[in-house]
Amino acid sequence: MALASRLWRFRPSGRNAAPGLGLPRRVTGGRGTCMQGRSGSEVAAEFWLTGRARAGHRGTQVIGNPPTFKRSLIFSALSYLGFETYQLLSSAAVVYATAKVFRVEEILQQADYLYESGETAKLYQLLIQYKESEDAELLWRLARASRDVAQLSGTSEAEKKVLVYEALEYAKRALEKNEASFAAHKWYAICISDVGDYEGIKAKIANAYVIKEHFEKAIELNPKDATSIHLMGVWCYTFAEMPWYQRRIANMLFAAPPSSTYEEALGYFQRAEQGKTYLKLQNKKLAAFWLLKAKDYPAHTQEDKQIQAEAAQLLTGFSGKN
């Protein structure tokens with residue numbers, strides 16, 4: 001339509017019009033004018049090929065300057081082709097983006113299935129393929145898987161250290177990609193705690209503030225996440241029973257060293273359905289109840305199994321005192 005309009009602009013008028021040219025009459029439509037029965041491109045081609053031959057006067061050009069018009073025609077055709085290509089590429093991009101989303105969801109489903117099945121090594125092998133991913137959900141799962149492999153009995157001390165630091169890097173990237181992810185905050189805190197085992201007491205105490213901050217943020221984002229609540233209780237419990245020499249070091253290094261109480265820890269353990277702290281508070285009946293729940297909780301990782309064993313051992317000692 002735009003091409004046909006351009007042709008009319010170049011059409012000679014009055015007595016200088018070429019006789020016998022026989023231009024089709026215009027048909028007025030809803031959005032402009034067009035050539036009746038013929039497309040604009042067909043008319044344009046015929047004008048260019050036969051315009052000068054049909055012109056009765058030597059100095060008269062039917063359609064303005066032919067080279068200029070030819071360039072315009074070619075440009076219009078290329079523009080149209082470019083637009084068609086753009087549409088195809090845009091459609092392909094949408095399809096690719098949609099497929100990518102579905103692909104990520106599929107990977108996450110596989111990862112969650114392997115985690116629930118306790119397939120730690122297989123889970124790590126699946127997720128490590130996507131270590132360059134920009135998806136926070138993939139990254140924090142990879143951080144968790146890396147840490148779980150580090151906890152396996154068959155992992156050497158050298159491999160464990162590498163995995164612990166890699167896990168922290170994945171968790172950090174997950175947090176950078178999505179600060180609203182409670183799981184990213186939780187695993188970042190856990191991984192920082194693990195790294196502290198390799199960096200000395202000073203770094204471990206300094207990291208305690210960061211760990212607490214991210215556990216609290218995880219709980220704020222998801223108040224129902226039992227793991228974050230339980231680990232916040234562990235944090236409180238750890239600093240409530242901090243050995244005197246560590247407390248002295250903390251006082252020397254920091255103006256306000258981290259501290260907590262058994263009562264504060266108990267509040268978190270109550271929410272997380274864990275009970276180790278009840279022994280410290282001499283609440284034996286409730287301690288037995290929560291320790292039984294901990295012992296019977298399904299174990300998905302090596303660490304879960306260690307917690308179960310600890311709960312069973314505490315229950316054995318607890319029963320012997322009654």
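The second largest cavity in this predicted model has a volume of about 40 Å³. A cavity is a set of points, on a 1 Å grid over the protein atoms alone, where a 1.4 Å probe fits but cannot get out. Grid points are joined across faces, edges and corners, and the volume is the space filled by probe spheres set on the points. Rolling a probe the size of a water molecule over the atoms shows where empty space is left. The structure holds three cavities of 30 Å³ or more.

The model is predicted, so local features need pLDDT of at least 70 and side-chain atom pairs count only at pLDDT 80 or more, while totals for chains, interfaces and linings use all residues. Residues are numbered from 1 along each chain as its sequence is written, and side-chain values use heavy atoms, with hydrogens and water left out.

**The cavity lining**

Lining residues have an atom within 4 Å of a cavity point. For the second largest cavity they are Leu 114, Tyr 115, Gly 118, Glu 119, Thr 120, Leu 123, Ala 145, Asp 148, His 300 and Thr 301. At least two residues of this lining come from each of helix 3 (66-116), helix 4 (120-127) and helix 5 (136-151). Helices (H or I, at least four residues) and strands (E, at least two) are DSSP runs, numbered from the N terminus. By type, the lining has four nonpolar, four polar and two charged residues. Here Ala, Val, Leu, Ile, Met, Phe, Trp, Tyr, Cys and Pro count as nonpolar, Asp, Glu, Lys and Arg as charged, and the others, Gly among them, as polar.

**The nonpolar cores**

The protein chain has 14 helices and two strands. Of its 322 residues, 36% are buried, which means under 20% relative accessible area, with exposed being over 50% and partly exposed in between (1.4 Å probe, protein chains only). A nonpolar core is a set of buried Ala, Val, Leu, Ile, Met, Phe, Trp, Tyr and Cys residues joined through side-chain atoms within 4.5 Å. The largest such core has 52 residues, and Leu 123, Tyr 124, Leu 127, Met 232 and Trp 235 have the most contacts inside it. Among the helices that each supply at least two residues of this core are helix 6 (157-177) and helix 11 (262-272). A second, separate core of five residues includes Ala 288, Leu 291, Ala 294 and Leu 315.

Contact means heavy atoms within 4.5 Å. Leaving aside residues up to four places away in sequence, Tyr 124 touches Leu 142, Ala 145, Ser 146, Val 149, Leu 163 and Glu 166.

**The salt bridges**

Side chains of opposite charge can pair when their charged atoms come close. A salt bridge is a side-chain nitrogen of Lys or Arg within 4 Å of a carboxyl oxygen of Asp or Glu. The structure holds eight salt bridges, including those below.

| Salt bridge | N to O distance |
|---|---|
| Glu 137 and Arg 141 | 2.9 Å |
| Asp 225 and Lys 186 | 3.2 Å |
| Lys 204 and Asp 197 | 2.7 Å |

Asp 225 lies in the loop between helix 8 (200-221) and helix 9 (226-240) and Lys 186 in helix 7 (residues 182-196), so the pair ties together parts that are 39 residues apart in sequence. Both Asp 225 and Lys 186 are buried.

Glu 137 and Arg 141 are four residues apart in helix 5, so about one helical turn separates them. Glu 137 is partly exposed at 28% relative accessibility, whereas Arg 141 is buried at 9%. A network of salt bridges links Asp 112, Glu 137 and Arg 141.

Lys 204 is partly exposed, with a relative accessible area of 37%, and Asp 197 is exposed, at 52%.

Technical notes. On a 1 Å grid over the protein atoms alone, a cavity is a set of points where a 1.4 Å probe fits but cannot get out, and a pocket is an open set with protein on both sides within 12 Å along at least five of seven lines; lining residues have an atom within 4 Å of a point.
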